[in-house]
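Hello,

Here is the structure I said I would pass on. My notes on it follow below.

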Amino acid sequence: MTVAPAYQVLAERIRDDIISGQLRPGERLPTEPQLCEQSGLSRSTVREALRLLSSQHLIVTMRGVNGGSFVAEPDARALGETLSGGVGLLLASGAVTSDHFLEIRRMLEVPAAGLAASRRKSHHLADLERAMFDPDLDDLERRIEAHSAFHLAIAAATGNPLLSLVVRPLYNMAGRRAVEASAPPPFWWAVDRDHRALLAAIREGDVARAMELARSHIDNARPAERVTVPL
């Protein structure tokens, strides 16, 4: 049985205190000397534990007289990036296939489209409209960015921040960019058509239509996923 390094054990203990709510956002952690005394570990080991927690966006460290390490305020974007790293590792290892990827998209995005149609506000519609692109005139970078922005805007329109967090890794990783960069022009014409129809359904508050369009949009992505995803 492999024994975890001491810094990792300490980081996990502090992480448990943060996740359980014993340590609240904005609360100061004990100082490095205090952590050394409490844990019996060296200062370099304590610093390594704090660096690990910082890389996981669980704490922030500030310098100066009033500095120290503090529990980070929840940040959906930063947490989403952490999740994206984990998803990327699963993709690279071959543990996740294109079918798995599309299955989870159906599970999340179809009901999300329905919720967006019933809950969207005017600023959500504005975000969706800004995520439109021209498949003939816009360059590849703009198309890829707009594709991601559109689906993240749908998640935001549900009003459920947890959904926004869970969906973000699907549109925030190198694997998706590889898929979309090698997709042929007809793929982008279909994406543009689907996005505009879905925006119209969400604008009109048509829940059933929005869910139907989201489902068919994901099914239309299957050929491109199968051809290009290195899973």
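Which residues do ring pairs link into a cluster? They are Phe133, Phe187 and Trp188. Rings of Phe, Tyr and Trp (its six-membered ring) pair if their centres lie within 6.5 Å, and planes under 30 degrees apart count as stacked, over 60 as edge-to-face and the rest as tilted.

Before the details, note that this is a predicted model, in which local features need pLDDT of at least 70, side-chain atom pairs count only at pLDDT 80 or more, and totals for chains, interfaces and linings use all residues. Residues are numbered from 1 along each chain as its sequence is written, and side-chain values use heavy atoms, with hydrogens and water left out.

The whole structure holds two aromatic pairs. Phe133 and Trp188 are edge-to-face, at 5.7 Å centre to centre with 85° between the planes. Phe133 sits in the loop between helix H6 (122-130) and helix H7 (140-157) and Trp188 in helix H10, so this pair ties together parts 55 residues apart in sequence. Helices are DSSP runs (H or I, at least four residues), numbered from the N terminus. The ring centres of Phe187 and Trp188 are 5.0 Å apart with planes at 80°, so that pair is also edge-to-face.

Buried means under 20% relative accessible area (exposed is over 50%, partly exposed in between; 1.4 Å probe, protein chains only). Phe133 is buried at 3%, Trp188 at 1% and Phe187 at 12%.

Ala113, Ala116 and Ala117 in H5 meet Leu198, Ala201 and Ile202 in H10, where contact means heavy atoms within 4.5 Å. Just after H10, Gly205 has a positive phi of about 70°.

Regards

Note on methods: Helices (H or I, at least four residues) and strands (E, at least two) are DSSP runs, numbered from the N terminus.
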